[in-house]
Amino acid sequence: MLPDHPESQDWKDYVSECIRVCNGHIQVGIDDLTTELYRSTFGIKRLAVQLLKIAYIECRSAGRKSIKHADVSKAFVLVRIQAIRRMSNSYSFSRCSLVSPAPIWICDVHSIFQLIEIPMS
């Protein structure tokens, strides 16, 4: 089963149904949310629901009762960090020939590496 196209009516209907089911807990415009969810999940509906769940957890952690655009973006960043952490835990540094000599340019490299607990040499 292929994901929906970002401008398809099926994708817009799915996102609007997610908004309806959330019963007012999503305070993001339908157009912004469809774009952000598609950009973050490539239109895979199961991932869109998981991302909205993480965004809701983030908004509740911030003391709010409704999801804002920043919560969806932050949820995507958290999912990416978790993926990097899982990859780093399964990656062995015993073969130095497999490690790229190119530097990794992420916003703040040192804080990212501290966050995923990789020692920087």
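Q: How is a helix picked out here, and what span is expected of one?
A: Helices are DSSP runs of H or I with at least four residues, strands are runs of E with at least two, and both are numbered from the N terminus. The expected span of a helix is 1.5 Å times one less than its number of residues. Now the case: α1 covers residues 9-21, 13 residues in total, and reaches 18 Å from its first C-alpha to its last, close to the 18 Å expected. This is a predicted model, where local features need pLDDT of at least 70 and side-chain atom pairs count only at pLDDT 80 or more, while totals for chains, interfaces and linings use all residues. Residues are numbered from 1 along each chain as its sequence is written, and side-chain values use heavy atoms, with hydrogens and water left out.

Q: Which residues of α1 are buried?
A: Buried means under 20% relative accessible area, exposed means over 50%, and partly exposed is in between (1.4 Å probe, protein chains only). In α1, W11, V15 and C18 are buried. They sit on the same side of α1, because they cover an arc of only 50° around the axis, taking directions from the helix axis to the C-beta atoms. Turned away from that buried side is a face with the exposed residues Q9, D10, R20 and V21.

Q: What covers the buried residues of α1?
A: Contact means heavy atoms within 4.5 Å. The cover includes α2 (30-41) and α3 (45-61).

Q: What is a nonpolar core, and which residues have the most contacts inside the largest one?
A: In soluble globular proteins, nonpolar side chains tend to be buried together. A nonpolar core is a set of buried Ala, Val, Leu, Ile, Met, Phe, Trp, Tyr and Cys residues joined through side-chain atoms within 4.5 Å. The largest here has 17 residues, and W11, I26, L33, L37, L52, I67 and V72 have the most contacts inside it. Two or more residues come from each of α1, α2, α3 and α4 (69-90), with α3 giving the largest share, six residues. Leaving out residues up to four places away in sequence, I26 touches C18, I19, L33, L52 and I67.
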